[in-house]
Amino acid sequence: MFARSGALIAIDLAPHERAFMGTLPSMLDDVGTTDPGHAVLHRDAYDDAERSAEFADLVASDRARVRAEDRTVATRVGDGATSLSEQEARSLLRCINEARLVLSARAGLFDEGPGWEERMDRDPTAAAVGWLGYVQSLLIEALDRGP
């Protein structure tokens with residue numbers, strides 16, 4: 001799926017895998033405040049509500065900018081990009097992680113705890129979370145190989 005080639009990470013995904021990666025940005029952009037994934041992506045940084053709100057205000061624009069950049073990379077992968085720079089690969093990792101968090105929250109996997117993997121053969125959302133975890137681990141391995 002991913003292989004280090006000098007300073008680049010080569011991508012070898014099947015068409016349906018690329019198509020799925022290409023859907024992640026719009027899925028994440030559509031997370032509304034009532035979506036279970038919203039709470040996961042916007043967790044409080046502190047136990048104190050006032051401090052958490054202040055922190056959220058301070059980082060909101062940077063967080064939104066970075067997430068938009070990350071999602072652009074996932075869109076490029078979905079559109080057929082064959083390689084990524086190390087920075088782009090890290091952006092893709094963050095986008096995949098966000099998607100896993102949102103899908104896990106929607107499927108109630110956080111509430112279920114260990115053993116949720118047993119649902120993968122009958123629950124498409126759990127299967128997607130599992131596959132994204134697999135992709136994430138392969139991308140991390142490619143990054144760890146170093147240039």
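Buried here means under 20% relative accessible area, while exposed means over 50% and partly exposed lies in between, with a 1.4 Å probe and protein chains only. In a regular strand the side chains alternate between the two faces of the sheet.

This is a predicted model, in which local features need pLDDT of at least 70 and side-chain atom pairs count only at pLDDT 80 or more, while totals for chains, interfaces and linings use all residues. Residues are numbered from 1 along each chain as its sequence is written, and side-chain values use heavy atoms, with hydrogens and water left out.

## The hairpin and the sheet

Strand 1 is joined by four bridges to strand 2 (residues 8–11), and the two run antiparallel; within this pairing, R4 stands opposite I9 of strand 2. Helices (H or I, at least four residues) and strands (E, at least two) are DSSP runs numbered from the N terminus, and two strands pair if DSSP finds at least two bridges between them. The hairpin of strand 1 and strand 2 has two residues between the strands, and in it G6 takes a positive phi near 70 degrees.

Three strands form an open sheet in the order 1-2-3, with antiparallel pairing. Strand 1 and strand 3 (83–85) stand at the edges with a single partner strand each, so one side of each is left without a neighbour in the sheet. Neighbouring strands of this sheet are turned by 30 degrees against each other on average, direction ignored. Strand 2 and strand 3 run antiparallel and are joined by three bridges, and the bridge partner of L8 in strand 3 is S85.

Axes are lines fitted to C-alpha atoms, for helices over the stretch in contact, and angles run from 0 to 180 degrees between N-to-C directions.

V102 is found in helix 4 (residues 86–107) and is buried, with a relative accessible area of 0%. Leaving aside neighbours within four places in sequence, V102 is in contact (heavy atoms within 4.5 Å) with M27, L28, V31, D35, G37 and L41.

## Q136 in helix 6

Q136 is found in helix 6 (residues 124–144), and it counts as buried at 11% relative accessibility. Apart from neighbours within four places in sequence, Q136 is in contact with L93, I96, N97 and R100.
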